[in-house]
Amino acid sequence: MLPEKVKTQIRAIYKDIAQSLPHFRSRREQNYMVAEISKTLAGDYDKHRRIIVVEAGTGIGKSLSYILGTIPLALESKKKVCIATATVALQEQLLNKDLPFFKEQSGLNFRFGLVKGRQRYVCLAKLEMLIGDNNGTQMAMWQTKPDTAQVELLQKLHQDFHKGRWNGELDTLEAPLPDHLWQQIACDKHSCHRQQSSHRQCPFHKAREDVDTWDVLIANHSLLFADLELGGGVILPDPEDVYYVIDEAHHLPIVARDFSSAQATLRGACDWLEKIGKTAAKLQHQIKSNNIIAPAQAMQDHVTDLCAQLNQVAHFCDGQLAKFDNPENRLRFTNGELPEVLKRHAENLATASSSALKQFNKMQLLLAEAIKDGDIPRHQADSLQSETGFMLQRLENLHKLWKMMAKEDSKKGAPTARWIELMPGKQQDFLFCSSPIEVGFMLESMLWEKAAGVVLCSATLRAVNQFDYFAHQVGLSLNDGSRFLALQSPFDFENNATLFLPKMRTEPTDDAYTAELAELVHQYTADEMASLVLFASYWQMEKVAELIEGKLKVPLLLQGSAPRQQLLDTHKERCDKGLPSVLFGTGSFSEGLDLPGDYLTNLIITKLPFAVPTSPVEQAHAEYVKAKGGNPFLQLTIPDASRKLVQSCGRLLRKEQDYGRITILDRRLVSKRYGKSLLDALPPYRRVIE
């Protein structure tokens, strides 16, 4: 039960916050959200299922609600709070604004900070090896032959770090580093060890020392899954000791699915497997113990075996080239079922990669012992540990892929999606990929069963006014003891915004639709000061831009023509000067885009956001639903489109005084049976339907 002391504390803090903020308005929805979160986490509703799902409409103030609903209870219960978000913008808002403000107003004594994954920190050992004088080792570590400019860039980073001009974090680089270059110097779990001399000043380990002292941790969804995949309590505190707040929770199913997938090439894998063979030979030469002989020689045998099998699979794929003759250069296996010949290869590769992994782990342990005993000079030790760590990571990924490829799918659940992609390049290669279709069962065992309590929240979680779709995606049920709460935005939608559906000659399925779209976009932006036009595809956006650019009196700010922030800054500058501005964007502009007040008064949505199942995972999911006698369009496409349409419309009103018009140029909202359910799921805007 929620202790009286905590109840009193929450009420007092809320009162102090209300008095400190000018123009603060106490909202019933916000008060209710705070109370429901704290009572759920305290076990008032269900002691064994302390999970609450909250859809909090724009303007409720969900950040303050979950901060107030979790931190006082966590401090009293000797728990920690972990807030996981999907975007950097929200992390920065929590770190630099919301939590400092709450701490000051509440008078509570707690520490907080941002937890970043290893990949956000430089590995000094790798950096020093890549710029080192030992050409043999240096060249072996580069994935591709470096040019002089790349080496000079890394040399400057090394100097900046040691002269205190850079702290070793990716996010604090003065100039962005190419992604492929950063990946070669980023910290990883295998090659970065505290005992290495180059790791005494390791940015990652120094950052981790602070984490244990924090009461509130801010992380992203990917880092949360990295910890959960390791069993929990490795990167973040133990789940049993944590109240998780998963903000922007509508991203959770996709992040979980992507995190559980695996992919690897065939001939490319053979190339780096040969390097592993050379590394094994090097370890056998460097380590004095006779114990290294057996695993090193076994490793050589496993590499030979793995390469032979991978080449056999590549030869099989070479004979199937006709099946890759499609726009995606892809061969997807129906119901995830591999042909018998590939299934046998997958089983053999899963076994062989498992054996190789065991031997390589033995060699790494022997290397660690030799370093500890002082048998290997320190400069060689750092180089060898970085090299073996890098190889081990690749070997683990190879094993994960072939284990997923060979795994027998349960007849009770969804099959695994499996497919192959033909890779471009001089050397014909094939990328094998595997991904779960549904991840709810995984979230249940990894998080829901273990956590002290969980809050999942977002402005858009329901689809067609129901939580069913989201609940199924994340492995929850409406009657399993979890709480589900939908709180309406306090905005005056009816008086502040008009939803306009003009007459049209065509629908999106017609060939003439794009031409009519260009006419109407030109017409409905012509006399407006601040417009945002959202498109369902890049192709259509660029085509419409091409058709109207000469007719517009203002420059068109087109997504992709400049960095996103630069486009938004230009748009705001024009609005500040009283000049009209028109922004064109696709799906990524329909979420997380904040243009309050006069920065957006005219929103045009060109087409209902139906996702075409082009990704192999989406295709496999639709196939699975159909095989079970369901309707993929009604069960997957409509709920997904409903949530996205609510998100898109949500770009217009960001604050209580905002106003404007939303125009939707898709008559299927009134011509198709499903249109009514999509319309009814939108806020109660004043409707004008021609």
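Aspartate 594 counts as partly exposed at 42% relative accessibility, where partly exposed lies between buried (under 20% relative accessible area) and exposed (over 50%), with a 1.4 Å probe and protein chains only. Its side chain meets that of arginine 654 in a salt bridge of 2.8 Å, N to O; the term stands for a side-chain nitrogen of Lys or Arg within 4 Å of a carboxyl oxygen of Asp or Glu. Arginine 654 is also partly exposed, at 21%.

This is a predicted model, in which local features need pLDDT of at least 70 and side-chain atom pairs count only at pLDDT 80 or more, while totals for chains, interfaces and linings use all residues. Residues are numbered from 1 along each chain as its sequence is written, and side-chain values use heavy atoms, with hydrogens and water left out.

**The chain as a whole**

The protein chain has 25 helices and 18 strands, taken as DSSP runs (helices H or I, at least four residues; strands E, at least two) numbered from the N terminus. Its radius of gyration is 28 Å, close to the 26 Å from the globule rule for 690 residues, so the chain is as compact as a globular protein of that length. The radius is taken over C-alpha atoms, and the rule is 2.2 Å times the number of residues to the power 0.38. The C-alpha trace spans about 80 × 65 × 55 Å along its principal axes. Of the 690 residues, 53% count as buried.

**Salt bridges**

The structure holds 28 salt bridges, among them the following.

| Pair | Closest N and O atoms |
|---|---|
| Arginine 267 and aspartate 318 | 2.7 Å |
| Glutamate 408 and lysine 343 | 3.2 Å |

Arginine 267 lies in helix H12 (residues 267–286) and aspartate 318 in helix H13 (residues 293–318), so this pair ties together parts 51 residues apart in sequence. Arginine 267 is buried, with a relative accessible area of 18%, whereas aspartate 318 is partly exposed at 25%.

Glutamate 408 sits in the loop between helix H15 (378–406) and strand E8 (416–423), and lysine 343 in helix H14 (residues 340–372), so the pair ties together parts 65 residues apart in sequence. Glutamate 408 is exposed at 55% relative accessibility; lysine 343 is partly exposed at 22%.

The pair of arginine 654 and aspartate 594 links distant parts of the chain, 60 residues apart. Arginine 654 is in the loop between helix H23 (632–649) and strand E17 (660–664), and aspartate 594 in the loop between strand E15 (581–585) and strand E16 (602–605).
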